[in-house]
Amino acid sequence: MSAPVSVPQRYSLVTLGVADVAASSAFYERLGWRRSSASVDGDVTFIATPGGVLALWRAADLAADAGAPGAP
């Protein structure tokens with residue numbers, strides 16, 4: 001019987017739906033994380049993290065895109 005293969009956990013992109021993109025962006029910037037120039041004010045903020053990218057989108061937009069009923 002062979003030993004199990006160990007695969008390091010990794011991520012490249014985490015998407016969060018937030019009620020207020022600007023306020024959420026400011027929170028992460030206060031932690032010292034930097035906003036990417038690819039961000040679009042009020043729509044989406046991309047923040048580089050040590051392991052990948054954090055994307056902050058308006059929750060209502062994500063819900064609509066997924067076809068989810070009602071407000072998140």
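Arg 35 is partly exposed, at 32% relative accessible area (buried means under 20%, exposed over 50%, partly exposed in between; 1.4 Å probe, protein chains only). This is a predicted model: local features need pLDDT of at least 70, side-chain atom pairs count only at pLDDT 80 or more, and totals for chains, interfaces and linings use all residues. Residues are numbered from 1 along each chain as its sequence is written, and side-chain values use heavy atoms, with hydrogens and water left out.

The structure holds four salt bridges (a side-chain nitrogen of Lys or Arg within 4 Å of a carboxyl oxygen of Asp or Glu). One joins Arg 35 to Glu 29, at 3.0 Å from N to O. Glu 29 is partly exposed, at 33%. A salt-bridge network links Glu 29, Arg 35 and Asp 41.

## Arg 58 and its partners

Arg 58 forms a salt bridge with Asp 43 (3.0 Å, N to O). Asp 43 sits in the loop between H1 and S2 and Arg 58 in strand S3, so the pair ties together parts 15 residues apart in sequence. Helices (H or I, at least four residues) and strands (E, at least two) are DSSP runs, numbered from the N terminus.

Arg 58 also meets Asp 61, at 2.7 Å from N to O. Asp 61 is partly exposed, at 34%.

## Strands S2 and S3

S2 (residues 44-49) and S3 (residues 52-58) run antiparallel, joined by six bridges. Strands pair if DSSP finds at least two bridges between them. A hairpin of two residues connects S2 to S3. Val 44 has Trp 57 as its bridge partner in S3.

## Ser 24

Ser 24 lies in helix H1 (residues 21-30). Ser 24 is buried, at 17% relative accessible area. Beyond its neighbours within four places in sequence, Ser 24 contacts Val 18 and Leu 56 (heavy atoms within 4.5 Å).
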